[in-house]
Amino acid sequence: MTTSKLVRGAFLALTALFVTTGGAFAHSGLQRSEPQADSKLKRPPAEVKLYFSEQLEPAYSSVQVESEKGEKADRKDSRVDRANPKLLRATLPPLEPGTYTVIWRVLSVDSHVTQGRFKFQVE
């Protein structure tokens, strides 16, 4: 067997393995957010919405918003949406102009924890 046939065979075998077990390697990744990361808003948002690629475990998933001073800026009502278990949300009081940090940590139903943070600005 030639080297190119061996390489091609190995590639096909690995591709088949990845395709058949791809779900086992998946983590709940943040797909999009409202407001968007690094956005500059003319009006403050009424809530933060985070959309993930996998269903979330409500008891172990949360989001919070902090002001530039590190103070809590959300209404402490972080929750996974009942109608859409891939959506994590929290409501916000009227925000003053400034930079805010969204901090999230989620546990997907496949038992993987992911976390992250991003900023947005209210002008």
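The legends below describe close-up views of a predicted model. Residues are numbered from 1 along each chain as its sequence is written, and side-chain values use heavy atoms, with hydrogens and water left out. Because the model is predicted, local features need pLDDT of at least 70 and side-chain atom pairs count only at pLDDT 80 or more, whereas totals for chains, interfaces and linings use all residues.

**View 1. The largest nonpolar core has 20 residues.** Such a core is a set of buried Ala, Val, Leu, Ile, Met, Phe, Trp, Tyr and Cys residues joined through side-chain atoms within 4.5 Å, where buried means under 20% relative accessible area with a 1.4 Å probe and protein chains only. Leu50, Val63, Val65, Leu88, Val102 and Phe120 touch the most other members. At least two core residues come from each of β3 (47-52), β4 (62-66), β6 (87-91), β7 (98-107) and β8 (113-122), and β7 gives the most, with four; strands are DSSP runs (E, at least two residues) numbered from the N terminus.

**View 2. An open sheet of four strands has the order β1-β3-β6-β5.** The pairing is antiparallel, two strands being paired if DSSP finds at least two bridges between them. β1 (30-34) and β5 (79-80) are the edge strands, each pairing on one side only. β5 is joined to β6 by two bridges, and Val80 has Leu88 as its bridge partner in β6.

**View 3. Ser33 lies in strand β1.** Ser33 is buried, with a relative accessible area of 10%, and its side chain reaches the backbone oxygen of Pro35 at 2.8 Å. Not counting residues up to four places away in sequence, Ser33 touches Lys49, Leu50 and Phe118, a contact meaning heavy atoms within 4.5 Å.

Conventions:
Buried < 20%, exposed > 50% of the residue type's maximum accessible area, 1.4 Å probe, protein only. Polar contact = N/O pair within 3.5 Å; in protein donor to acceptor, adjacent residues only side chain to side chain.
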